[in-house]
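Student: Hi! I've got a new structure open and could use a hand finding my way around. Can we go through it together?

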Amino acid sequence: MTFPSPSHPQEKPDLEKLSRQIRASIVEMSHRSKAPHLGSCLSSVDILVTAYFHALSIDPKRPDDPTRDRFILSKGHGAAALYSTLAHRGFFPIQQLETYCADGGSLPEHPAPHSTPGVEAATGSLGHGLSLGIGMALAGRIQNQKYRVFALLSDGECNEGTVWEAALFAAAQRLDSLVSIIDFNKWQATGRSQEVLSLDPLASKWETFGWNVHEVDGHDLKALSRLLGKVPDGSGQPIAIIAHTIKGKGVSFMEDDNNWHYRIPTAEEVAAAWEELGIT
Amino acid sequence: MRNAFAREIEDLAALDERVVLLSGDIGNRIFNSFKERFPDRFYNCGIAEANMMSVAAGLAMCNLRPVAYTITPFITVRCLEQIRLDVCYHQAPVTIVGVGAGFSYASLGATHHSCEDIAYMRLLPNMSVLCPGDPFEVRGALRSILAQDGPAYLRIGKKGEPTIHASIPDIEIGRAIVMAEGETVCILSTGNLLPIAIEAGQNLSASGISTRVCSVHTVKPLDEALLEEVFGSFRIVVTLEEHLAIGGLGGSVAEWVSGRPWPAARLLRIGAPVDFIHEAGCQSYYRQRLGLDPAGVVEKIQRLLGELT
């Protein structure tokens, strides 16, 4: 089984098709590498596709352009989704995904910026990415640059106190070039995120912390495009997007089943997933 | 030392528009002038040091030169993972300034004591560790740190430390300064015990024990050329620090020595015990109690000399 061939982003990209291709590649990557977090990756795909193929001002040929928009995968355990998105966007060859987690390879299980073009930060320890993003957004303001900064967090990540330190500081600075997207799939590693720590009402929490909050279906590509395409949004506040998602989205037997936080798909399950995704 | 820091950071910010000062809700008055001159380059990050450290890393990853400042334990062990990952992994040129080295804030209790910070910081890849010995060294060290491109930890005292140097020295990172010459005992002092080291050295020399005193303002990278020389030519090499006697300068030198074939000199590590101190007291009381005053240092050195003869 080989990775699905990419669409061509220079033309108007077919986000829906890209999402299916990227999902298929992620399932395959998990199978090949025996790396977990498949459900977490699948819930993020539509957000990543919308960001990288619609919203971000980026040039894969110039990944270090100081004026580029920044996207930080703060939920670093979703690295496979980021890698696949970056590859499909042209940051590195799709074939390189075959080296995911391989000995001596450049694609470790959590993002590593040194070896992978397009990866902005080393994440994997949760609760770091938003604060890093604040620093980047603040640097843009200080240096009079117009780039925007997006950080993608998991709902479980919102357990971390640093997320709320960051939320307070960004609000105090009225950092309207900063977007915190919460991949709200309602699960964390060992249970429902609402049951582990009392997360609800998540949108109200961000609102009362001083953010302009939008709730969205995290798999509605058009709605995501509208939101991510309008940053700053005129509110003068940092933007929080609560993206309601489904863990394992796109593969029926993985959806909302937290076993897929750690489970590795068999070859047969990969084939079934690809068939569902319409990828041959 | 903190006033020297405040003055120098303001001077450097005037020279380098990349310099951004972050404070963890302390030092407002001493930074008033900085804030007036550079209002878009001063940020009070509140009592949220972990966020401050990651913000500093983010700034540094976008071509700025952030300097993060608060009380020593809160800017080191409180946010150690942020330093390890966001600063050091990314090799982000963040300058971490801890005010209140060792027992500078002795009277505030164990929450504010800082005798493990050198150890934490020197373990981290890419991190330089500088512990200046007087206010002029603070200024020289800050200049040198901002002239290089990596993460650095600057450990400073509080206020009122005596000046030892006559002017701001050229601080070469990793190259100690010889403060007094001698031949038998070499005291390698790091940080705010430099006045104690010098007084102890003078007392020893006056009693016939010729003592060299060095200000080892950089614990990492170690001045290996100096170590090579002094372990080959002195009877006793003493490390002196207001820090645990393990893990800091003494620990670093012991590790270095362990890789050498039978050095001529004996190593004597003088520092704080691995313990919390529960009782109230000021810095000078603590130093006296722990033998980190001139008399205590002299006594330890004389005792070892006695054992060697």
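Student: Which residue in β2(A) does Arg70(A) stand opposite?

Tutor: Arg70(A) faces Val149(A) in β2(A). This is a predicted model, in which local features need pLDDT of at least 70 and side-chain atom pairs count only at pLDDT 80 or more, while totals for chains, interfaces and linings use all residues. Residues are numbered from 1 along each chain as its sequence is written, chains are lettered from A and ligands numbered from 1 in the order in which they are written, and side-chain values use heavy atoms, with hydrogens and water left out.

Student: How many bridges join β1(A) to β2 of chain A?

Tutor: Four, and the two strands run parallel. Strands here are DSSP runs (E, at least two residues), helices are runs of H or I with at least four residues, and both are numbered from the N terminus. Two strands pair if DSSP finds at least two bridges between them.

Student: What's the strand order of the five-stranded sheet in chain A?

Tutor: That open sheet goes β1-β2-β3-β7-β6, with parallel pairing. β1 (70-73) and β6 (212-217) of chain A each have a single partner strand, so one side of each is left without a neighbour in the sheet.

Student: Which strands does α4(A) lie across?

Tutor: α4(A) lies across β1, β2 and β3 (178-184) of chain A, at about 175° to β2(A). Axes are lines fitted to C-alpha atoms, for helices over the stretch in contact (heavy atoms within 4.5 Å). The angles run from 0 to 180 degrees between N-to-C directions.

Student: And what's the phi of Asn144(A)?

Tutor: It's positive, about 55°, although Asn144(A) is not a glycine. You'll find Asn144(A) in the loop between α4 and β2 of chain A.

Student: Switching to charges: what does Lys75(A) meet in a salt bridge?

Tutor: The side chain of Asp183(A), at 2.8 Å from N to O. Lys75(A) is in the loop between β1 and α3 (79-89) of chain A, Asp183(A) is in strand β3 of chain A, and the two are 108 residues apart. A salt bridge is a side-chain nitrogen of Lys or Arg within 4 Å of a carboxyl oxygen of Asp or Glu. Over all chains, the whole structure has 24 salt bridges.

Student: How many of those cross the interface of chain A and chain B?

Tutor: Zero by that rule.

Student: What about chain B's own sheet: what order do its seven strands take?

Tutor: The order is β2-β1-β3-β4-β6-β5-β10 in an open sheet with mixed pairing. Its edge strands are β2 (42-44) and β10 (218-220) of chain B.

Student: Last one: where does Pro221(B) lie?

Tutor: In the loop between β10 and α9 (224-233) of chain B. The peptide bond from Lys220(B) to Pro221(B) is cis, with omega near 0°. Chain A has a cis bond too, from Asp200(A) to Pro201(A), with omega near -5°.
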